[in-house]
Amino acid sequence: LAMVVLMTGGMAQAAETVVGVDANFMPFEFKVDGKLTGFDVELFEAIAKEIGLDFKWQTMDFNGIIPGLQSKSIDAAIAGITIKSEREEVVDFSHPYYDSGLIILVAADNNDIKVLEDLKGKRVATKLATTSEDYLKKNVDTKELKLLPNTDNLFMELMSGGVDAVFFDSPPLLYFAQNQGKGKVKTVGPLYQGQPYGIAFPEGSPLREKVNVALLKFMEDGTYDKLYEKWFGTSPK
């Protein structure tokens, strides 16, 4: 797919850029009345406006994003994508724009599970093809590890008693515990494996540098801080 070619004299000529997004990752990207919204969505829309990028969203399962970038069926992706070495071998990342970590979510009345070690011998759910899956397989001998395609599935599995705990990225779990799951679920323990998110591109993409310039500008001029406060209710550290 063709990238935008910026012309001199304020003229822009372009084929539309396709940006991959997983529409099931509150509060980063999700749908309200069929319309995409969230921190990632508004951040990328602001970046696109800043650099004069004509683009369209392509919603997809998270586990299809990296292959989509490799095959160049999408030109970029923003979806709470952790920057990790295995991914850096096959795609390029922007400057990190959010620091996350992994956390445990349990039912509100569960007092057996407090830290990672307590997941031993338990039924645990996490999202397919994510760093949390890798981390659990490496560090915990679970009774059963359920790998599900999106966060809604994780919450439903926990609320229905299908698993004892969910282990996944902290932002959507904290958001769910404070909103739809308030009084029904709680997060426990510390954050595990601090990890930055980045916007991903096919290797060698000329779009990466343009996005980086806009992203770093926003981090300097307060645009990023305002967006962060809107979605997370606090200032970035």
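Mentor: Let us begin with accessibility: buried means under 20% relative accessible area, exposed over 50%, and partly exposed in between (1.4 Å probe, protein chains only). This is a predicted model, in which local features need pLDDT of at least 70 and side-chain atom pairs count only at pLDDT 80 or more, while totals for chains, interfaces and linings use all residues. Residues are numbered from 1 along each chain as its sequence is written, and side-chain values use heavy atoms, with hydrogens and water left out.

Trainee: How many salt bridges does a search of the whole structure find?

Mentor: A salt bridge is a side-chain nitrogen of Lys or Arg within 4 Å of a carboxyl oxygen of Asp or Glu. Searching the whole structure on that basis, the number found is seven.

Trainee: Which residue forms a salt bridge with K84?

Mentor: The closest N and O atoms of the pair are 2.6 Å apart. K84 sits in the loop between β8 (76–77) and α3 (85–88), and its partner, 50 residues away, is in helix α4 (residues 131–139); helices (H or I, at least four residues) and strands (E, at least two) are DSSP runs, numbered from the N terminus.

Trainee: What is the N to O distance between E42 and K230?

Mentor: E42 lies in helix α1 (residues 39–51) and K230 in helix α8 (residues 223–232), so their contact ties together parts 188 residues apart in sequence. K230 counts as exposed, at 52% relative accessibility. The two side chains meet in a salt bridge whose N to O distance is 2.8 Å.
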